[in-house]
Structure formats: structure tokens, C-alpha cells
Amino acid sequence: MNHFADKVVYQIYPKSFYDTNGDGIGDLRGIIEKLDYIKKLGTDYIWITPFFTSPQRDNGYDVANYYEIDPMFGTMDDVEELVKEAEKRQIGIMLDMVFNHTSTESQWFQKALEGDPEYMDYYIFRDGKEDQPPTNWQSKFGGSAWEYVPHLKKWYLHLFDVTQADLNWDNPKVREELKQVIRFWKEKGIQGFRFDVVNLISKPEIFEDDLEGDGRRFYTDGPHVHEYLRELAEDTGITDMITVGEMSSTSLENCIRYSNPDEKELSMVFQFHHLKVDYKNGNKWEIMLPDMKELKRLFKTWQEGMQKYNGWNANFWCNHDQPRAVSRFGDDKNAWEKSAKMLAMCIHFMRGTPYIYQGEEIGMTNAYYQSIQEYRDVESLNYYDIMIAGGKTKEEALKIIGERSRDNGRTPMQWNASEYAGFTTGTPWIFPPDNYEWINVEQEVSDENSIFAFYQKLIQARKDRLVIADGKIAFLYDDMDQIIGYHRYNEKEDMLVLCNFSGENMTVSLPEIFLKKKVFLGNYEKENVIEKRLVLRPYECVAIA
Ligand code: GLC
Ligand code: CA
């Protein structure tokens with residue numbers, strides 16, 4: 001059994017979680033204060049997105065110094081207290097390591113800019129004329145992936161923002177520096193790590209123009225990535241800890257290698273293919289409804305494929321880079337509660353370790369902002385300008401940003417119905433949607449039928465039923481696009497999970513072996529008699545065992 005098969009992880013985006021000093025920005029003390037809430041939910045680990053010193057161009061994913069805490073979030077003492085307090089509650093803390101790049105304000109990059117050859121070799125600098133970037137590669141945040149430094153007469157590579165310079169992993173000194181960071185935090189009692197876009201770290205030997213795309217096929221799952229990951233894990237002694245790699249545009253074959261325990265690279269992987277099924281022509285900035293056929297195909301491919309070769313998925317819908325699942329795959333107007341629960345069951349009972357993103361457990365929705373002024377994210381603001389420049393009207397661009405912005409997942413955690421959702425006593429750095437008056441923690445923890453209560457049950461079920469944590473999986477109902485249905489099984493148990501992703505009634509016929517079983521969990525009044533056919537109303541889900 002995978003070491004982390006019966007675990008559940010809760011992701012915290014500290015800036016938006018809870019503010020204790022009224023500056024409008026969530027902080028580390030805010031996490032300490034809310035540990036009992038997380039304990040009540042029942043997750044085993046908390047992954048906290050970066051709180052290290054950073055100019056915050058990309059909200060902390062532009063790290064300047066891993067050995068210091070950004071004052072905006074608190075102090076090293078706060079982190080130590082957080083680790084201790086979490087441990088008392090049997091919760092492990094996982095940190096986010098952004099090792100593909102650093103902020104251009106990092107000491108290393110500053111020295112490189114001074115022309116120090118030792119530090120220039122920490123990054124990817126290439127010669128070139130001022131008007132001719134070394135390749136035509138595009139940054140994932142828009143524009144060229146290269147930036148010219150006039151006084152050095154060289155370009156540096158940045159796959160993300162221009163203030164996020166890519167590190168040169170082919171340089172053993174860089175790898176050693178990064179191992180030091182891991183060792184430092186491990187000694188502080190950190191229990192696991194999430195590695196940001198870690199399949200992009202190994203760049204090709206030769207840099208050439210991409211005549212088919214934006215360059216990603218040259219550096220994604222690059223030539224030495226497996227070797228570097230194994231080295232990092234072995235040399236820092238984290239092979240038995242929980243580690244999850246964020247994999248950008250990856251492949252099943254590579255993810256099997258990243259996460260198969262025999263390879264000693266990572267314990268699990270995030271991949272994003274299922275979160276692109278509503279990108280028109282693969283373009284994030286063109287909207288369409290989710291392609292359910294494709295979503296089903298992807299779940300089947302990844303779940304069964306990883307199982308076959310002993311890989312391990314981290315299962316998720318939401319994170320700080322994604323719009324809210326209930327607004328995207330559910331119906332947050334007419335079936336808010338049902339669709340939030342259905343989406344939760346759908347991934348929690350699959351094979352893999354589930355991740356819950358703050359607010360998902362209470363059904364938080366997209367932001368529904370009315371003007372571009374309310375957005376904060378560098379990617380959204382860049383693409384808004386790009387779309388306007390490309391001929392879209394302001395209204396069209398705003399509509400697309402409204403659906404696709406990462407800020408949808410970054411609105412303040414909705415604690416209660418008081419002003420700004422009880423997130424801060426000051427003015428929040430980003431505003432909550434109006435629905436905090438009825439979607440909030442206070443309201444849900446006291447309601448035994450709430451979305452929160454449903455998440456508690458899903459987490460507990462993983463602890464109680466081995467078939468959920470460790471059973472095999474087989475997908476069913478290939479011909480019903482709107483139903484995601486799968487069979488979990490081991491020698492002793494069988495479980496059937498059915499999720500209706502549509503706003504219509506769906507009639508599903510049940511395999512023989514389930515006819516004598518009972519409803520184990522569902523998001524509607526239980527009909528305990530299981531017959532040959534079952535009608536699932538809009539967004540209903542059920543697990544039969
Ligand atoms: C990952 C992070 C995202 C960040 C990017 C660059 O995708 O989740 O927030 O902007 O990497 O570090
Ligand atoms: Ca604060």
C-alpha cells in the first residue's frame with residue numbers, strides 16, 4: 001500500500017486564510033489560530049504555499065530567500081510554533097519549494113547581475129543581440145520567456161514572470177544549494193514538501209526555436225529530471241516523507257516514474273489534464289463548457305494507468321491557481337450544495353491521495369467580480385492586456401478573466417457572515433464574493449448536513465474502509481458521458497461510486513454484485529433498497545458498498 005494512501009492533505013494559501021493583525025493579509029498566526037478547525041475537518045497534513053521572503057510579484061512563488069520568513073506573514077518563531085502546535089494535533093506541515101526558479105531579487109540573481117560568473121551559472125544566461133531572443137519560447141504568463149540584460153549583453157530564461165529567473169539545475173552547486181534548503185526545513189520539523197512545477201527543471205542541452213508551440217515540449221519532463229529528483233530525495237533523506245510534485249503538461253509515462261516508490265523520486269504527483277477540459281482548443285483564455293467525454297477519458301486513463309504501473313496520484317479539483325470547482329463543474333446557483341458534495345465524492349473515492357483546498361470544504365465559489373480593478377493576479381492582469389491588444393472588447397476580456405482567473409481561488413476564506421467574511425478586521429488585499437453571508441465556516445460546522453460535514457465523512461471513510469485507500473479501481477459506464485462511475489474493490493470489499501455531473505435525471509443500471517448492498521454515502525435522502533436501476537437526480541452522487 002502506498003504510504004500516504006489513507007492520508008488527506010489540506011492546502012492553505014496563507015495570504016487569504018486568516019488575518020490576525022488587521023493589515024488585510026492572512027498570516028502564520030492566523031493558521032495557528034485555525035488549527036483546531038483543520039483538526040475538526042480531519043486532514044493529516046497541511047501544505048502551506050510559500051511564505052518566504054519575496055517581492056510578491058507572484059504571491060510568494062518568487063522566492064528571494066528560503067531561510068527567512070516574509071514579514072508580511074510573520075516570523076521564524078511563528079513557523080516554529082505552528083509546527084509544534086500542528087504536531088500536538090497530529091497534523092504534519094508540508095512546505096512549498098519553488099525550485100524551478102528564484103525571484104530576481106534573490107542574492108544569487110543579484111550577484112549574477114553584477115556579472116559574477118559563479119552566480120551567472122546558477123541561472124540560464126545566453127548570448128544574443130538585443131532584438132533577438134535566443135529562442136521563440138513563450139513565458140507561461142505571457143510574452144517572451146527571455147529577458148535581455150543590456151550591461152551583460154545576455155538574455156536570461158524565465159518560463160514564468162520576468163522576475164522569476166529559471167535556475168540551472170545542470171550546475172551541481174545549484175542542486176547542492178537546494179538540498180541545503182530542504183535539510184534546513186527538515187530540521188525544523190517539517191513533515192513533507194510540495195515541489196512547484198518540478199518537471200520543468202531540466203532544460204535541454206541545445207536551445208532551439210519551437211516551430212510547433214511555445215517551447216514547452218523541449219523542457220517539460222526534460223532530459224535529467226528523473227535523475228535530479230532522485231538525487232534530491234536521496235541526498236536529503238526525504239524518500240519516506242510525503243512529497244508531491246506539481247507536473248506541468250506532463251505525461252502518464254513520466255508520472256508513473258515520478259511516483260512509483262521503486263524509483264525513489266516523489267510519493268505522488270499533481271497533473272492538470274483534467275482541468276483543461278474546458279479550455280477551447282487547449283487555450284485557457286477561450287471558454288467552453290467542460291467536455292465531459294474528455295474528462296471521463298482522462299480520469300480513466302490516469303487512474304487505471306497509474307494503477308497498472310504502481311504510480312500514485314494526488315487527486316484534486318481546486319488549488320490557488322484554479323477557479324472554484326463548484327462554479328466550474330457544478331452548478332453554484334441551482335444545485336450549489338449537491339454539486340459541491342458530488343465533486344468531492346468523485347475524487348475522494350478514487351485511487352490516490354486527496355487534496356482539499358481551503359474553502360472547498362464549505363463550497364466556496366468563484367469571485368464574480370464586476371471590474372478588472374478587483375483582480376490582483378499577475379497572470380490575469382497580463383492576459384487582460386493581451387486580450388485587449390488582440391482585439392477583444394473589455395466586456396469580453398472581463399468575462400473570460402471572470403471564469404479563468406486564479407484569483408477565483410484566492411478570495412478570502414469565508415469564516416463567518418460579518419464584514420469581509422470575518423477574514424480581517426482591516427481591508428482585505430482581495431475582496432470576498434457577496435455570498436459569504438450564507439457560505440461560511442460558522443454556519444457549516446454547526447450543520448450536520450453541510451458540505452463541511454460531508455467532507456468530514458469522506459475523510460473518515462478513507463480511514464475506515466481499506467477499499468477506498470488501497471482498493472483497485474475500474475471505470476464503468478463508458479457510454480454515459482454525464483456519469484462518472486467506478487468500481488473500487490479488493491479481496492473483501494466492493495464499492496460502487498456514481499456521480500451525476502448533469503442538471504438532468506440519469507438512470508443508471510447497476511452491476512449484479514451491488515444489488516444486495518447498501519447506500520454507504522450519498523448527497524441525497526437515502527433510498528436504502530438498491531434495485532437494478534437507480535435514478536440520480538441533478539448532481540447527485542452515491543457510494544454503494
Ligand atoms: C505553480 C504555482 C503557481 C506559480 C507558478 C510559478 O504553478 O502553483 O502559483 O505561479 O508555479 O511558480
Ligand atoms: Ca496579517
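What you see is a predicted model, where local features need pLDDT of at least 70, side-chain atom pairs need 80 or more, and totals for chains, interfaces and linings use all residues. Residues are numbered from 1 along each chain as written, chains are lettered from A and ligands numbered from 1 in the order written, and side-chain values use heavy atoms, with hydrogens and water left out.

So, the largest pocket. On a 1 Å grid over the protein atoms alone, a pocket is an open set of points where a 1.4 Å probe fits, with protein on both sides within 12 Å along at least five of seven lines, and lining residues have an atom within 4 Å of a point. Ours holds about 760 Å³ of space, a volume being the space filled by probe spheres set on the points, which are joined across faces, edges and corners. Of its 32 lining residues, K140, R216, K276, K284 and E379 come closest to the centre. By class, the lining has 13 charged, ten nonpolar and nine polar residues.

Where does the largest pocket lie? Domain 1 (9–101 + 172–456) and domain 2 (107–166) both give residues to the lining, so the pocket lies between them. Those bounds come from an automatic or database domain assignment.

Strand β15 (283–287) gives the most, three residues, and helix α13 also supplies at least two. Strands here are DSSP runs of E, at least two residues, and helices runs of H or I, at least four, numbered from the N terminus.

Technical notes:
Ala, Val, Leu, Ile, Met, Phe, Trp, Tyr, Cys and Pro count as nonpolar, Asp, Glu, Lys and Arg as charged, and the others, Gly among them, as polar.
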